[in-house]
Amino acid sequence: MTYQLLGTIVLNRDLPERDLRKGDLGAIVEIYEPDAFEVEFVTASGRTAALLTLNARDIRPVADDDLVSVRPCRRLA
């Protein structure tokens, strides 16, 4: 799979230590070869909730049938 800088991705697994859940949306802010990505997760108001280096197994592209939802981020409360 080819990912683009600033592309939107979907998290493939829960990361409870960062209060992130499978299905959360993030943006690729840096690409590290061969398969690592710096991904930023933000709140609906634009506040950074997490900035993580993830590998290709941890993310997937957004699909046409994905539904977007909103939930509180306990880490920022």
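Reply: The largest pocket has a volume of about 690 Å³. A pocket here is an open set of points on a 1 Å grid over the protein atoms alone, where a 1.4 Å probe fits, with protein on both sides within 12 Å along at least five of seven lines. Grid points are joined across faces, edges and corners, and the volume is the space filled by probe spheres set on the points. The lining comprises 26 residues, and D24, L25, V42, S69 and V70 are the closest to the pocket centre. A lining residue has an atom within 4 Å of a point.

This is a predicted model: local features need pLDDT of at least 70, side-chain atom pairs count only at pLDDT 80 or more, and totals for chains, interfaces and linings use all residues. Residues are numbered from 1 along each chain as its sequence is written, and side-chain values use heavy atoms, with hydrogens and water left out.

Three strands each give at least two residues to the lining: β1 (8-11), β2 (25-32) and β3 (36-42). Strands are DSSP runs of E, at least two residues long, numbered from the N terminus. By class, the lining holds 13 nonpolar, 5 polar and 8 charged residues. Nonpolar covers Ala, Val, Leu, Ile, Met, Phe, Trp, Tyr, Cys and Pro; charged covers Asp, Glu, Lys and Arg; the others, Gly among them, are polar.

Now the charged pairs. Side chains of opposite charge can pair when their charged atoms come close. The count is 3 salt bridges, each a side-chain nitrogen of Lys or Arg within 4 Å of a carboxyl oxygen of Asp or Glu.

D24, one of the residues closest to the pocket centre, forms a salt bridge with R71, at 2.5 Å from N to O. This pair links distant parts of the chain, 47 residues apart: D24 sits in the loop between β1 and β2, R71 in the segment after β5. D24 is buried at 15% relative accessibility; R71 is partly exposed at 26%. Buried means under 20% relative accessible area, exposed over 50%, and partly exposed in between (1.4 Å probe, protein chains only).

D58 bridges to R13, with the closest N and O atoms 2.7 Å apart. These two are 45 residues apart: D58 lies in the loop between β4 (48-55) and β5 (59-61), R13 in the loop between β1 and β2. D58 is buried at 7%, whereas R13 is partly exposed at 41%.

R60 and D66 form a salt bridge at 3.0 Å, N to O. R60 is partly exposed at 27%, and D66 is partly exposed at 29%.

Methods
Helices (H or I, at least four residues) and strands (E, at least two) are DSSP runs, numbered from the N terminus.
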